Amino acid sequence: LKSNPSSNEEKEAQTQLTKSDELQRLHSQALSAYQQEDYEAAISLLDEILAVCVWDAELRELRAECYIKEGEPSKAISDLKAAAKLKNDNTEAFYKISRIYYQLGDHELSLSEVRECLKLDQDHKQCFSLYKQVKKLNKQIESAEEFIREGRYEDAISKYESVMKTEPEVPVYSTRAKERICHCLSKNQQATEAIKLCTEVLQLEPTNVNALKDRAEAYLLEDMYEE
């Protein structure tokens, strides 16, 4: 404006200046809400800022953190994916995306995201450690499923027992392993064990269709038609 004063531009500049002051104020409030662990308020403030500052990777990362705390992982992933594109060599974003997928039980997507992190920095400690864990788990699940396709149910059971040992901390993997072991027991005519294990799974996930079907098969083997 100083170099080229004109009334039109001055009005535009004043409007933008007022808007930027307002955004800075919202930013301070958002940070303060985040520090006070009021994640819902922080998200709402960040929504307002990001409607204007669409390309701000840091703000997206902050909103993703809030989404994680609020138990909305898919929204966090969407912000982190944007942040990974907006900021060069954003290993941190890829690491976080991979971790979220892993916690959700999506080991294949977790593996592909952690590989992206290692492409940017092969010495990234956190990514390398996560990569080893996910790769091991992924391999065990793949080989268990291969055994099931070949009708080698005993081998599949033993492989899924290894899955539970490899990842005892994230419940989704042990539940899925039990569901698949129940399937193997049912196919292997071990009805009593199958019923027991499927019931365990159904206590955790009452609408698990696979466990219901496998338990039904096991009940048929035991002539328990009502059940």
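**Close-up 1. Helix α2 and what covers its buried residues.** In this predicted model, the elements that cover the buried residues of helix α2 include α1 and α3. The buried residues in question are Y39, A42, I43, L45, L46, I49 and L50. An α-helix has 3.6 residues a turn, so residues three or four places apart point the same way. Helix α2 itself is built from 14 residues, and the distance from its first C-alpha to its last is 20 Å, close to the 20 Å expected at 1.5 Å a residue.

**Close-up 2. The packing of helix α2 against helix α3.** Helix α2, which covers residues 39–52, packs against helix α3, which covers residues 57–69, at an angle of about 150°, and their axes lie 9 Å apart. Because angles over 145 degrees count as roughly antiparallel, α2 is described as roughly antiparallel to α3. The crossing in which α2 passes α3 is left-handed. On the α2 side the contact is made by Y39, A42, I43, L46, D47, I49 and L50, and these residues meet L59, R60, L62, R63, C66, Y67 and K69 of α3. Sorted by class, this contact of α2 with α3 holds 10 nonpolar and four charged residues, with no polar ones.

**Close-up 3. The crossing of helix α1 and helix α3.** Helix α1 runs over residues 7–35, and its axis comes within 11 Å of the axis of α3, the two crossing at roughly 30°. Here, too, the handedness can be given: α1 and α3 form a left-handed crossing. From α1, the residues H27, L31 and Y34 take part in the contact, while α3 contributes L59, L62, E65 and C66. By class, the contact of α1 with α3 has five nonpolar residues, one polar residue and one charged residue.

**Close-up 4. Helix α7 and its buried residues.** Helix α7 has 25 residues, numbered 125–149, which at 1.5 Å a residue should span 36 Å, and this agrees with its end C-alpha atoms, which are 36 Å apart. Buried along α7 are C127, L130, Y131, V134, L137, N138, Q140, I141, A144, E145, F147 and I148. These buried residues pack against four helices, namely α5 (91–104), α6 (107–120), α8 (153–166) and α9 (171–187). After α7 comes G151, a residue whose phi is positive, near 75°.

Close-up 5. Residue E179 has its place in helix α9. Its relative accessibility is 11%, and because buried means under 20%, E179 counts as buried. Leaving aside residues up to four places away in sequence, E179 touches V201, N208, N210, A211 and D214.

**Close-up 6. Two loop residues with a positive phi.** Most residues other than glycine have a negative phi. Residue E37, in the loop between α1 and α2, has a positive phi near 65° although it is not a glycine. With a relative accessibility of 59%, E37 counts as exposed. Residue Q189 belongs to the loop between α9 and α10 (191–204), and its phi is positive, near 65°, again in a residue other than glycine. Q189 is exposed, as its relative accessible area is 57%.

Note on methods. Residues numbered from 1 in each chain as written. Predicted model: local features only at pLDDT ≥ 70, side-chain atom pairs only at ≥ 80, totals over all residues. Heavy atoms only, no water. Axes fitted to C-alpha atoms, helices over the stretch in contact; angles between N-to-C directions. Parallel < 35°, antiparallel > 145°, perpendicular 65-115°, else oblique. Left-handed = near helix turned anticlockwise from the far one by under 90°. Contact = heavy atoms within 4.5 Å. Nonpolar A, V, L, I, M, F, W, Y, C, P; charged D, E, K, R; others polar. Expected span 1.5 Å × (residues − 1). Buried < 20%, exposed > 50% of the residue type's maximum accessible area, 1.4 Å probe, protein only.
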